[in-house]
Amino acid sequence: MLSSSLIIATRESPLALWQANWVKTQLEKYHPSIKITLRGLTTSGDKIATNEKLLTKGLFIKELEEALLDGRADIAVHSMKDVPMVLSPKLCLPVMCEREDARDAFVSNEFKSIADLPKQARVGTSSLRRQSQLYALRPDIHFENLRGNINTRLMHLDRGTFSAIILAAAGLKRLGLQNRIASYLSIEQSLPAAGQGVLGIECRVDDLEIQEKISLLNHPESYHCVIAERAMCNRLGGGCHVPIAAYATLSSGRMRLQGLVARKDGTLLLRAEQSDNLEDDLKKAELLGIAVAENLIQQGAESILHTIEK
């Protein structure tokens, strides 16, 4: 007999709450008799969000995973770009929802695009992935660290701290803030982070009842693409402090995966790309990710990443 309740663990930022509430609404459509509630938690990453040296990708989901493991929650909703490449053996990600816009967004009150910025302009983003790719386009501008939730980052822009900031388009769209987007950075200009634009649902490996409840929210195409992207990053050992990008698309059963590793200053961008027919095979998606990673390694990616991590 299925349980009559379900608890969703979530961070308490506006975007995280939107994401958790969206999942809640979707699940209620399929399971109207189940009472679904949110359990808001403050993560270690939220507490030290301004300390760049202490931050690691897993700190933004640590407390959510603890709530799953000790039974205080049944599922947790994550932005897949924030999820570490290796999970606890007791947890799994059986559901990835349909991908929103994966692109990065150029946000400015004065300028329409990265090309319109004046020399020496100050641009806010803490992402080395974004910085390195945009330095390659505009080596004359200054990138400065910018952290906090979306509203906090927009506040710094509106106060004149920056000429522009770079944010994920998906987050702005989900919060109804797409009017703040001056332009979109193309995939060629700024290859996205692995999992960008995708919501993942995490739960306990042994909780088959919960996995059954949430399975209808899985989007197979997005799932396969994220599996390939994460396999590439995992092979490269990429965390949140290294400029690695991965973006997969799937059409008529054929996947195309693009990968990138870059120097922080944008003076060297290593790119690799490979395609394969998947035939709904998760293992083949994973192998495609590893193959693209191996291509990048052959080009010298490991020496770049080791230099950055020191």
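Contact here means heavy atoms within 4.5 Å. The structure is a predicted model, in which local features need pLDDT of at least 70 and side-chain atom pairs count only at pLDDT 80 or more, while totals for chains, interfaces and linings use all residues. Residues are numbered from 1 along each chain as its sequence is written, and side-chain values use heavy atoms, with hydrogens and water left out. Helices are DSSP runs (H or I, at least four residues), numbered from the N terminus.

**Glutamine 211 and the cysteines**

- Glutamine 211 sits in helix H7, residues 208–214.
- Beyond its neighbours within four places in sequence, glutamine 211 is in contact with Cys92, Pro94, Cys203, Arg204 and Val205.
- The side chain of glutamine 211 also reaches the backbone oxygen of valine 205, at 2.9 Å.
- The whole structure has zero disulfides, a disulfide being a pair of cysteine sulfur atoms within 2.5 Å.
- Cysteine 92 is in no disulfide, and its nearest cysteine sulfur, that of cysteine 203, is 3.9 Å away.
- Cysteine 92 counts as buried because its relative accessibility is 17%; buried means under 20% relative accessible area, exposed over 50%, and partly exposed in between (1.4 Å probe, protein chains only).
- Cysteine 233 also counts as buried, at 4% relative accessibility.

**Helix H4**

- Eight of the ten residues of helix H4 (residues 128–137) are buried, so the helix is largely enclosed by the rest of the structure.
- Among the buried residues of H4 are Leu128, Arg129, Arg130 and Tyr135.
- Serine 127 caps the N-terminal end of H4, with a side-chain oxygen 3.3 Å from the backbone nitrogen of arginine 129.
- Glutamine 131 lies in H4 and is buried, with a relative accessible area of 8%.
- Leaving aside neighbours within four places in sequence, glutamine 131 is in contact with Thr125, Ser126, Phe143, Asn145 and Lys264.

**Helices H8 and H9**

- Two packed helices are described by the angle between their axes and the distance between the axes.
- The axes of H8 (residues 220–236) and H9 (residues 282–298) come within 7 Å and cross at roughly 35°; axes are lines fitted to C-alpha atoms, for helices over the stretch in contact, with angles from 0 to 180 degrees between N-to-C directions.
- Residues of H8 including Tyr223, Ile227 and Ala231 meet residues of H9 including Leu282, Gly289 and Ile297.

Methods
Helix = DSSP H or I, 4+ residues; strand = E, 2+ residues; numbered from the N terminus. Polar contact = N/O pair within 3.5 Å; in protein donor to acceptor, adjacent residues only side chain to side chain.
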